[in-house]
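Keep the view open while you read.

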Amino acid sequence: MRVDAGLSKLLGISRTVVVALTEAGDVLVDGRPAGKSDRLLAGAWLEVTLPQPDRPVELKAVAVPGLEIIHQDDDVVVVDKPVGVAAHPSPGWSGPTVIGGLAAAGLRISTSGAAERQGVVHRLDVGTTGVMVVAKSEHAYTVLKRAFKERTVEKRYHALVQGHPDPSVGTIDAPIDRHPRHDYRWAVVAGGKPSITHYETIEAFRAASLLDVKLETGRTHQIRVHFSALRHPCVGDLTYGSDPTLAKRLGLTRQWLHARTLGFHHPADGRWVEFTSEYPADLAAALETLADDY
């Protein structure tokens, strides 16, 4: 493999970081500086000097308009996340976060996990709205983390995709990994992580289809990547190839993707609980516009 691709896979860092390392002379193959396009050969001696780790991201307790608490008890808090809000702080993100909003509301969250991600057991993209659970107790964090890993949590999304998927009910089983050329995107690639998406058409419009989507796995951007690979990208998702003209006509400035339902066994007593989020105004308005096309 090339140095940039090989080191990215080997060390779990982006190609951009690898390129910077090679340009700084911090990647040696058999004692000689390697370029990003040089080949890694079996038996060669590889030396990499890694950069200093990023400083921990500071958690800012800031009220988040539109962040609704659907349910809370001693173990969990379930929220309805608005658009434009990240799950937790991260390098390069200075906007509002779910964790910061909960802190501003005076809620105590589990201290498990990295400092800036305490209590976070799963995430939604900044541009994806809907239901999300955060652990309040240490016990809940452990139980929910295991549940997401073992896939005993039911995650259902509603997605508006371009065109009409054929068949109207189906399963997408295609591995996902980082895009080979664009670090900010993900893609279906050979050798990627196993990724399975089940879907069923709820309603077919002239230009798009509203789908009920159940995730069996939870890869980054999984729904967006899978339907883009089928050439039915989420409406409004310009990153993954949607039609900008259609997005503009529907008044969308982000992907039409909503975490509709989340179900899990409650950490306290194991009973099954399920929570649902209604469509936010921009997604509901887009559906109304499509319905009027008839």
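1. Some ground rules. The model is predicted, so local features need pLDDT of at least 70 and side-chain atom pairs count only at pLDDT 80 or more, while totals for chains, interfaces and linings use all residues. Residues are numbered from 1 along each chain as its sequence is written, and side-chain values use heavy atoms, with hydrogens and water left out.

2. Start with helix H1 (residues 3–11) and helix H2 (residues 15–23), which pack at an angle of about 120° with their axes 9 Å apart. That makes H1 oblique to H2 (angles under 35 degrees count as roughly parallel, over 145 as roughly antiparallel, 65 to 115 as roughly perpendicular and the rest as oblique). Axes here are lines fitted to C-alpha atoms, for helices over the stretch in contact, and angles run from 0 to 180 degrees between N-to-C directions. Helices (H or I, at least four residues) and strands (E, at least two) are DSSP runs, numbered from the N terminus.

3. Who meets whom there? On the H1 side you'll find Val3, Asp4, Ala5, Leu7 and Ser8, and they meet Arg15, Val18 and Thr22 in H2; contact means heavy atoms within 4.5 Å. By class, the contact of H1 with H2 has four nonpolar, two polar and two charged residues (Ala, Val, Leu, Ile, Met, Phe, Trp, Tyr, Cys and Pro count as nonpolar, Asp, Glu, Lys and Arg as charged, and the others, Gly among them, as polar).

4. Still on H1: Val3, Asp4, Ala5, Gly6, Leu7 and Ser8 are buried, where buried means under 20% relative accessible area, exposed over 50%, and partly exposed in between (1.4 Å probe, protein chains only). The buried residues of H1 pack against H2, strand S1 (27–29) and strand S3 (46–48). After H1 comes Gly12, with a positive phi near 70°.

5. Next, the cores. A nonpolar core is a set of buried Ala, Val, Leu, Ile, Met, Phe, Trp, Tyr and Cys residues joined through side-chain atoms within 4.5 Å. The largest one has 45 residues, and Val133, Val213, Ile223 and Phe264 touch the most other members. Leaving aside neighbours within four places in sequence, Phe264 is in contact with Val78, Val133, Leu144, Val153, Arg271, Trp272, Val273 and Phe275. A second, separate core of 13 residues includes Ala208, Leu246, Leu250 and Leu287.

6. Have a look at helix H5 (residues 222–229), where Gln222 sits. Gln222 is buried, with a relative accessible area of 2%. Not counting residues up to four places away in sequence, Gln222 touches Ile176, Ser195, Ile196, Thr197, Leu215 and Thr217. In the loop between strand S12 (208–215) and H5 is His221, a residue other than glycine with a positive phi, near 60°. His221 is buried too, at a relative accessible area of 16%.

7. Arg231 is in the loop between H5 and helix H6 (244–249), and its phi is also positive, near 65°. At 73% relative accessibility, Arg231 counts as exposed.

8. One more backbone detail: a cis peptide bond joins Asp166 and Pro167, with omega about 10°. Pro167 lies in the loop between strand S7 (154–162) and strand S8 (169–173).

9. Finally, is Arg123 buried or exposed? Arg123 counts as exposed, at 53% relative accessibility, and its place is in the loop between helix H3 (98–104) and strand S6 (129–135). Not counting residues up to four places away in sequence, Arg123 touches Ala87 and His88.
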